[in-house]
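Visitor: Could you walk me through this structure?
Guide: Gladly, let's take it step by step.

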Amino acid sequence: MGGYSGLGRSRSRRRWLAVASLLAVAAAAATITWAVLPPRATADPPAASVQVTCQNRATDAATMQRAIDTSPAGAAIEFRGGTCLLTKGLVLLGDRTYTGGSTTGTILKQDGPASYVLATRSYVTSSPATGDPLTIRDLTVACDGSGRTDGIIVLNWQANVDHVDVSDCGGSGIVDTSAGASGRVITNTSVNSRFDNNFISGSGQYGFEVIDPANAVTDGYLENNQIAGSGLDAVNLGNAGGWDISGNHLYNVAHSAIVALRLYGTTISGNYIEDFGVSQRSGTWYGIVGTAQDGNGSTIVGNKIFNDQGETSAARYVYLAVTQANSGTGHVAVTGNVIMGDQSSDIGMLFSGGQNRLVFTSSANEVTGVGTVRAVKPSAYASPGS
């Protein structure tokens with residue numbers, strides 16, 4: 001027993017020495033490995049923060065513009081002090097963020113004739129190319145209701161306007177455009193902009209407007225906004241190509257609620273339209289109306305379209321319509337919308353290709369209270385779908 005125990009201890013000791021030797025080699029290797037690692041990369045420095053305090057004085061506009069003009073690229077420019085009195089509109093540089101203390105805590109108040117309250121430099125200078133991305137958020141743009149003043153004008157790609165109140169502008173509340181102040185149109189594209197969670201009220205013309213004589217302002221997002229009291233249309237897109245117009249609440253609209261021209265891969269979904277064509281004594285007014293491009297189809301899905309304020313018998317009300325294909329063959333799918341009309345002359349849905357051909361599907365829509373549930377012109381063809 002004693003010899004057996006000694007042999008076991010001897011073998012155990014050799015095993016321990018072998019393990020110790022391996023550990024020593026591993027430790028040395030680890031030491032060498034750590035020694036040759038490259039130095040740890042340092043994080044990018046934070047963007048510059050520029051703070052501007054407003055005094056509700058006539059000097060505010062010059063103070064704010066100077067801060068913008070001298071800010072470095074990538075800066076976050078914060079407007080403080082409650083009310084900023086703007087005797088002239090502010091010109092915004094791209095590659096910057098413009099923010100207030102909160103949506104109603106910072107008020108940029110128009111105090112004099114102006115064609116805009118906020119406009120990007122690429123628009124003001126009529127740049128031949130779109131401006132750099134920028135963000136505007138958490139503040140109020142308060143027009144004084146005079147003239148044709150627009151609230152915010154952007155000529156920039158990947159612009160982001162979020163949690164902004166825009167009120168009482170004689171022109172349009174927010175404008176996304178490919179044409180500069182002189183009318184010059186950019187030669188490239190101005191895509192992928194977002195306009196989310198804003199409250200636009202009391203616009204003399206359009207609540208939200210896209211101006212695009214070319215085919216540049218596409219693939220944008222207008223989502224979850226409230227647009228009230230528009231003098232013309234609540235939403236007017238001169239080019240709706242690739243746009244997603246979803247989840248918006250539109251009410252007290254003097255003309256049509258959503259006008260979306262040049263539908264092409266467009267989504268119009270989940271919008272709540274309370275009324276349109278309010279108090280009109282003549283003309284034809286639409287809840288949603290569009291024209292279609294040749295090629296990729298569009299969807300109009302899950303919208304709720306009503307006229308809660310009632311209608312005049314002298315005007316014509318069409319709740320959802322595609323009125324023409326602009327060339328070739330347009331395609332659109334209309335599904336799951338809820339329409340409640342007000343009088344027997346109302347048309348629930350209307351489809352026409354105009355001088356061209358429109359192919360459409362129309363299914364699972366709830367249409368009541370109208371004289372004509374669906375009007376189909378000879379140039380429009382109902383697809384059986386699948």
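Guide: First, a term: on a 1 Å grid over the protein atoms alone, a pocket is an open set of points where a 1.4 Å probe fits, with protein on both sides within 12 Å along at least five of seven lines, and lining residues have an atom within 4 Å of a point. Its volume is the space filled by probe spheres set on the points, which are joined across faces, edges and corners. The model is predicted, so local features need pLDDT of at least 70 and side-chain atom pairs 80 or more, while totals for chains, interfaces and linings use all residues. Numbering starts from 1 along each chain as its sequence is written, and side-chain values use heavy atoms, leaving out hydrogens and water.

Visitor: How much space lies in the largest pocket?
Guide: Its lining comprises 13 residues, with Y123, D150, V175, E209 and I211 nearest the centre. β9 (150-154), β11 (174-177) and β14 (208-211) each give two or more residues to that lining. The space comes to about 170 Å³.

Visitor: Is N303 buried or exposed?
Guide: N303 sits in the loop between β24 (298-301) and β25 (304-306). Buried means under 20% relative accessible area (1.4 Å probe, protein chains only). At 0% relative accessibility, N303 is therefore buried.

Visitor: Which residue of β26 is the bridge partner of Y286?
Guide: Strands here are DSSP runs (E, at least two residues), numbered from the N terminus. Eight bridges join β23 (residues 284-292) to β26 (residues 316-325), and the two run parallel. For Y286, the bridge partner in β26 is V318.

Methods:
Two strands pair if DSSP finds at least two bridges between them. Helices (H or I, at least four residues) and strands (E, at least two) are DSSP runs, numbered from the N terminus. Buried means under 20% relative accessible area, exposed over 50%, partly exposed in between (1.4 Å probe, protein chains only).
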